[in-house]
Amino acid sequence: MLFVLFALWFIASGLLIVDPGSRTMRWMSAVAFTGGSGALAAVISADIIPYFQLTSPNPALVSFFYRVMSICSLLSYYGLPYAFAMLSLAYHSTWQKPLLRTWLPLVLLVPPLVCLILLPGYTEEMPIEFRIVATWAFPYIIIGSLLIALKKEHLPAMRRTHLFTCLALIPPVLCVGVLNYVMPSFGFYRLWIYHVWILAFVVPFFVFTFFKYGFLGIRLLIERRKLDSTLRAITSGTAILNHAIKNDVGKMRLFLEKMNQHAADTGQTELIQDIHVVMNASRHIQEMISRVHEQTQELPLRISQVDVVQLLQDVLESLQVYLGKIQVHVELPDRLELQLDQIQVTETLTNILMNAIEAMSSGGELSIKAFSNKKNMVLEIKDTGMGMEKSVLKQAVEPFYTTKSGNRNNFGLGLAYCYSVMKKHGGSLEISSEPGKGTSVYLTFPGQR
C-alpha cells in the first residue's frame, strides 16, 4: 500500500501546484488525498504498528499510532465520497443555480457528519458501519460518476481532455466504491488490498495522458501560458527592433540624401541610380518591421457594450467582394450584446473570416453560429475548405508560422494576434480542423466581465 500512498499524494500535490485557483483541481486533489489517507492507515496497520510492537513495546506509542490510523481511516471512508461528489458538481457546473451552489455542499456534508458523530468508534476489523455508510457513500460515487461522464463539451480541444479525464478518474473511484463500501456490507473485508493492482494501471495511464493530452484542462493551461509568454517576448522584441531599425534607417537616409545631392552636383548618374536602389531597400525594411510591430504591439482594451450580431454583419459586408462563390449561413440570436473592444474584435473576426475565405478559393459554405458554454458565449466560424493536417493545426496559432509562404505581406501573425485579443478579453480561441472536411474556429467570450 506504500505505492498507493505515494502515488495518490503525488497526484494530489501535483494538481494543487499546477492550478491552485481552480475549484475543480482542489476537489480532485482532495479525492486523491483522502484516498491516500486510507493507504496510510493500511501502512500503519500492516507495517508500523507491528514493527513497534516487536522492537519497542511501548503502549503509549502503539496507542498513538492506532489513533493516527483511526483518523486516516475515517478521513478516507467519509472524506473520499464527499470530495468526489463535490468534484463532480464543480466539473459539471452548467446546471448549478446560486442557491444550490451555496446550500448543496452543506446538505451533502450532513450524512458523513451524522455517521462520524453517532456511529461507534474505530476498531481494526470494523473501522465503520459499512451497511449504513454505504447507503450514502456509494450513491455519492455513482451519481458523481454519471455527472462527470455526462458532461458535454462543445469545444474540440476539451472533448479529448474530457474523455481521458473520465477514463483516468471514474473506473478507479467506482472500484473504490465497490471494494471499500459495497463488498464489506456483505461481509467481504480487506478487499482494499486490490487497489494496488488498480492503481498500477491507472497511475501510468494518468501520467501519460497528463503530459500527452491533458487532464481536467491542465495541458491546455500549460500550453496557453507558454504561448502567452512567447507573445509577450515577441511584443517587447519587435518594439525594441522597430525602434533600433527606425533610428539606423533614419541615419542611412540622411547620408544617402547627402550622397545623392553630391552625385547630382557632379553629374554621376550611375551613382544616383545606385543610391535610389539603396534608399528603396531601406524604406522597404522600415515598412516591413513597422507592419510586424503593428500586429504584435500590446493595445489596451477599450471596452463597451457591443451588439455582436450587428458587428458580424458589418464585418461580412466589408468582405462581400470576396464572398462571390461562398454561401454564408448565420445562426445567431436576435439580440446578443457583450462587453468587448469593438475595434480589436472586428479585426479578429476579419482575420478569421479571411482565412476561411482563402481556404475556399473554389467556393464552399461558411457558417457562423453562437451557443452558450457554462457562463460563456461561444462563436463558431466553420468553413468547408481544404482543412489542416494535425502537424499544421498544432502550430497554427504560433507567431510567425504561416502556410502562405508565397505572400510577402503575410507574417504568420494573424491568428497569434486573434489569440492575444481573445486572451485579453478573458476568453479563448480554439481551432478544430480535418483535411478535406474544413476548419472550425471557436471564439469564447465571457458572458459577464
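Student: What is a salt bridge?
Tutor: A salt bridge is a side-chain nitrogen of Lys or Arg within 4 Å of a carboxyl oxygen of Asp or Glu. This is a predicted model, where local features need pLDDT of at least 70, side-chain atom pairs count only at pLDDT 80 or more, and totals for chains, interfaces and linings use all residues. Residues are numbered from 1 along each chain as its sequence is written, and side-chain values use heavy atoms, with hydrogens and water left out.

Student: How many salt bridges does a search of the whole structure find?
Tutor: The search finds two salt bridges. In one of them, Lys 437 meets Glu 434 at 3.5 Å, N to O.

Student: Is Lys 437 buried or exposed?
Tutor: Lys 437 counts as exposed because its relative accessibility is 57%. Exposed means over 50% relative accessible area, buried under 20%, and partly exposed in between (1.4 Å probe, protein chains only). Glu 434 is partly exposed, at 43%.

Student: Which residue forms a salt bridge with Lys 369?
Tutor: That residue is Glu 380, with the closest N and O atoms 3.8 Å apart. The pair links distant parts of the chain, 11 residues apart: Lys 369 lies in strand β4 (residues 364-373) and Glu 380 in strand β5 (residues 376-383). Strands (E, at least two residues) and helices (H or I, at least four) are DSSP runs, numbered from the N terminus.

Student: Why does Glu 380 count as buried?
Tutor: Glu 380 counts as buried because its relative accessibility is 8%. Lys 369, at 36%, counts as partly exposed.

Student: Now helix α5: which residues in α5 are buried?
Tutor: Among them are Phe 130, Trp 136, Tyr 140 and Ile 148.
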